[in-house]
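Me: Please take a close look at one chain of this model. Start with its overall make-up, then go down to its parts.

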Amino acid sequence: MKLKVNGTIYDIEIMQQKVKVNNEKLDMVTSMDEEKIMINGKTYHLDFVEEGQPSLMIINGMTYFVSKTSLSHISLHELKAPISGKIVDILTMTGIVIKEGQVLMILEAMKMEIQIKSPVSKRIKEIKVSKGQSVKIGDILISFE
Amino acid sequence: MVNNNNVLIANRGEIVIRVARACKKLGLHPYGIYSDSDKDSLHIKYCEQSLNIGDSLPQDSYLRADKVIDAAKKLGCDYIHPGYGFLSENPKFVELCNNEGLIFIGPPYDAMAISGDKVRARKVASKVAPVVEGIEVSNENDVIKEAEKIGYPIMLKAVEGGGGRGLRIVNSSQELDSAYLSSKNEAMVGFGSERIYIEKYIENPRHIEVQIVADESNIVHLGERECSIQRRHQKLIEETPSPALSTEMRNEITHTAVEVMKEIGYKSAGTVEFLFKDNRFYFMEVNARIQVEHPITEAVTGVDIVEQQLLVALGKGLSVNQQNINPMGHAIECRINAEHPLSFVPFPGVVKKFNVPKGNGIRVDTALYSGYTIPIFYDSLIAKLICWGNNRHEAIEKMKDSLLSFRILGIPSTIPFHMSALNDTRFMDGCYDTSFINKMISFSTRDGDIAAAVFSLLPKRIELLEGKEEEQQDPWMRSRFDWMDFFDIYYYPNRLVTSQ
């Protein structure tokens, strides 16, 4: 299988306790707490993982975005809150055709105003939140047709 | 009247802990306040007693002068230390304290009022310091006239604002009208004042500031801090001494800062900020508070700046004078914020594990602990990592080691950013300005094979890789990163900044 890490592609082959990366064997041992990983005798700390496409990992204080190389583009039907906060403004309406990059809402979180722009060019089916409402991360804000 | 020894620290998080330590050193008793979402904040444990002063939103709690003063009275405190942010630079709050017979730990009302008004501060400072050409404007015709006179590019700023809100850079007369209107609007919303100031825009300067402590009779400078590594006008890395200053230039800029503070009639701890470009400096503004980055100055001078603030407020005066300030070595601060490494969007959440680096010359100021949930209502700063070395090289190496051994699990932070910045040749050479971040290359190109191996090993990920995920996986999770690029961030007062 092929993995893309920060733009570079690696060939991966998984065997027991060993992983072959670009045909080079790495001995790997995970510790009990799973945040510490020994690779060829060196310790690496996996501080943060967030699944997605790509997935995000922070290892030893460095950021890695990892994805499988061949992934078809999934079409979006819903726009969800990227962070918990409060909707301070809604700049669009149901039924309107919006363009990619257009500002749809303004969310306030951690002393900041975050503009939420549309990832797609589509018609808005429904706006699921109202101005002043508090939302949690992952809550559906808008559905597209 | 003899005052009691109780100090209300009207803030939250790490700065409360910092101030509480200085209080205890002098035999004073620290008291605290907290909002609803801060009831588990570590700062409460460092105070003898703390009062809940209201809802989570700052405007319902930490920004409510009346509630803060009420808390001081209930807790029997004669002194109030404002920390930074919130009420710390609000002259009306100083006045209120004075009227209520409470001692505000900071500059006197007049000095605060001048510092908070950019036009007045500039006017006063211009008697003794070079300033960037500029003037306050009151209408559209005015702004066009002045912009022509000064010459593009120009910058529009909120007179009574801070942190970059209302700030616009204008390159030509075509952009001027709309920039002026939006700047005015933003200033009105952010600061309740539509006063706008126009000045010559200096592109990519360095930000260098001078730390001052002052009492009734003396003004002492504690050297400068280089604060040019910023993102959207928010400082991320500071160091002292600045690699940009020659000895003569250092003497000139520190001397000028002292003269500015003399003109203002400043007392307590404060900072004079300058822009520095082509070996010339220009007065920018006065920060009338203790600053986030004060520990690097403490590391090289050995002076406890908060202790000096307290001594001045107690009427005892400074315990230092200019002759016994001899800065030694080099210090760097990295601000660790809870934020996503791609979008820089704040990332509140549960901190699963928190282990700070330790060692000689390493200081961590923080209110974090394992199991703590970072609330969504406040600043994303979660820790300040300060490293001292005999020289700049030693300080940088110590900082890299410390960042590597700093474990924050469960939330992403700016640690990867700092690793990249510290390994950037421009930083290593000390040749950088406020445009540093625009050209930064991620350090994470290293160890990509390790990352690939780690990823493939995690059981859950193997499932994902085998293709079972297609139907189960939430399409939003897939796309979340795709549209992170679409975020623009606007900060609030005291923090930053702007759209561009």
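Reply: Chain B of this predicted model has 17 helices and 20 strands in its secondary structure. Its radius of gyration is 23 Å, close to the 23 Å that the globule rule gives for 500 residues, so chain B is as compact as a globular protein of that length. The C-alpha trace of chain B spans about 75 × 60 × 45 Å along its principal axes. Of the 500 residues in chain B, 53% are buried. Now take the contacts between residues at least 6 apart in the sequence of chain B. Of these, 65% join residues at least 24 apart.

Next, the domains. Chain B is divided into three parts: domain 1 (6-105), domain 2 (133-200) and domain 3 (206-439). The centres of domain 1 and domain 3 of chain B, taken over C-alpha atoms, are separated by 23 Å. Domain 1 of chain B puts 29 residues into the contact, and domain 3 of chain B puts in 22 residues. On the domain 1 side, helix H1 (residues 14-25) of chain B gives the most, with seven residues. By class, that side of domain 1 of chain B, the one touching domain 3, has 14 nonpolar, eight polar and seven charged residues.

Helix H2 of chain B covers residues 65-74. Which of its residues are buried? They are B:Val68, B:Ile69, B:Ala71 and B:Ala72. Look down the axis of H2(B): the buried residues fall within an arc of 155°, so they line one face of the helix.

What covers these buried residues of H2(B)? The cover includes four strands of chain B: E1 (6-9), E2 (29-34), E3 (50-52) and E4 (79-81). Helix H3 (91-99) of chain B is also part of the cover. Just after H2(B) comes B:Gly76, which takes a positive phi of about 70°.

E9(A) is joined to strand E16 (residues 140-144) of chain A by three bridges, and the two run antiparallel. One pair to find is A:Leu79 and its bridge partner in E16(A), A:Ile142.

Technical notes:
Residues are numbered from 1 along each chain as its sequence is written. Chains are lettered from A and ligands numbered from 1 in the order in which they are written. This is a predicted model: local features need pLDDT of at least 70, side-chain atom pairs count only at pLDDT 80 or more; totals for chains, interfaces and linings use all residues. The radius of gyration is taken over C-alpha atoms; the globule rule is 2.2 Å times the number of residues to the power 0.38. A residue is buried if 20 or more other C-beta atoms lie within 10 Å of its own, exposed if 12 or fewer, and partly exposed in between; C-beta atoms are placed from the backbone. Two residues are in contact if their C-beta atoms, placed from the backbone, lie within 7 Å. The arc is that of the directions from the helix axis to the C-beta atoms. Two strands pair if DSSP finds at least two bridges between them. Domain bounds come from an automatic or database domain assignment. Ala, Val, Leu, Ile, Met, Phe, Trp, Tyr, Cys and Pro count as nonpolar, Asp, Glu, Lys and Arg as charged, and the others, Gly among them, as polar.
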